[in-house]
Amino acid sequence: MDSFKATTLRMPGLRADIAEHPGRFRVLTGERPTGRLHLGHYFGTIRERVHLQRAGVETFVILADYQVITDRATAGQVRENVHHAVLDYLAAGLDPRNTTIFTHSSVPALNQLMLPFLSLVTEAELHRNPTVKAELAASGRALSALLLSYPVHQAADILFCKGNLVPVGKDNLPHVELTRTIARRFNERYGPVFPEPEALITDAPELPGLDGRKMSKSYGNAISLGMSADETAAVIRGARTDDERVISYDPEGRPGVSGLLATAAVCLGRTPQSLADELGDAGSGALKKLATEAVNEFLAGHRRRRAELSALDAAAVLRAGNEHARAVAERTLEEVRHAMGMVY
Ligand code: TRP
């Protein structure tokens, strides 16, 4: 059985465990601040984080700024992206009293963990990582040492705070698997320091973008959480559909129509199929109107809360999060130094 299947089968039991004993879990998750957060992020991960936080699970969210330069030359608009991500997190309901929001580059001790961790994996293991392979192919660049080793860096992200629960998308599963391997090997060599974290896969199916492909800023098919209602209407108006009056849900044959149906459906808590049936032969104009209203209504609260937050709020949350993450990372690094006999 492949590890995705095995992980999926474990989900109901794991979810029951979390509900019953939230105090036994510490969540570490996050994303690369390569652009603005969009609806795909919201339904894929952010909603889940808020849910876990409300269930009483202590949560760490990393904005993995060093991971931005794994497959591109520079960090681009990283500062702005981080700032907007913090606003979106807060507007979505992450509460800085229970959730530590921080950035890689602000936590030296986290990054230092990468050194002993690198000694625990072989080059061949890293070359086999399917996500590294896919990202290398997509980047069209030579393989940098950072891209090859970033799953080890991600293990440091997770283990610096002894995270034992990692909500991730399917594409990040190999990294959680490697993190478990690193934790196990470290503990075998030096004594028990780290937990072996588990992946938590969201139930939500991946939300396609407006053209039916994966929702991604780089495809220009995404609805950012921070867009205004008018901007949302404009991107939906510009979405590519077809001339067929009868609306049907057919992701393969009609990716644009189906992307709009999926977007409206997830915002309305309905199925794309039932919306298609309801629209009948109303045509793509009616579909776009429905999708625009569904998204704008769904995001109205988020946008209102986001507008009430100031740049200073975001900066203060990040400063406090970084400070907390630094203290936690220092403690773990101290344990690692002791375990390795490097105390002088
Ligand atoms: N690789 C993740 C992504 O591309 C982002 C990430 C960085 C992450 N560090 C992490 C996710 C640690 C989970 C745990 O989305």
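**Salt bridges in a predicted model**

Of the 344 residues in the protein chain, 50% are buried (under 20% relative accessible area; exposed is over 50%, partly exposed in between; 1.4 Å probe, protein chains only). The model is predicted: local features need pLDDT of at least 70, side-chain atom pairs count only at pLDDT 80 or more, and totals for chains, interfaces and linings use all residues. Residues are numbered from 1 along each chain as its sequence is written, and side-chain values use heavy atoms, with hydrogens and water left out.

**View 1. R10 and E198 form a salt bridge.** The closest N and O atoms are 2.6 Å apart (a salt bridge is a side-chain nitrogen of Lys or Arg within 4 Å of a carboxyl oxygen of Asp or Glu). R10 belongs to helix α1 (residues 3-20) and E198 to strand β5 (residues 198-201), so the pair ties together parts 188 residues apart in sequence. Helices (H or I, at least four residues) and strands (E, at least two) are DSSP runs, numbered from the N terminus. R10 is partly exposed at 38% relative accessibility; E198 is also partly exposed, at 22%.

**View 2. D88 and R306 meet in a salt bridge.** The N to O distance is 2.7 Å. D88 lies in helix α3 (residues 78-92) and R306 in helix α13 (residues 283-308), 218 residues apart. Both D88 and R306 are buried.

**View 3. D95 and R97 meet in a salt bridge.** Their side chains are 2.8 Å apart, N to O. D95 is buried, at 17% relative accessible area, whereas R97 is exposed, at 75%.

**View 4. A network of salt bridges links R32, D71 and R72.** The whole structure holds 18 salt bridges.
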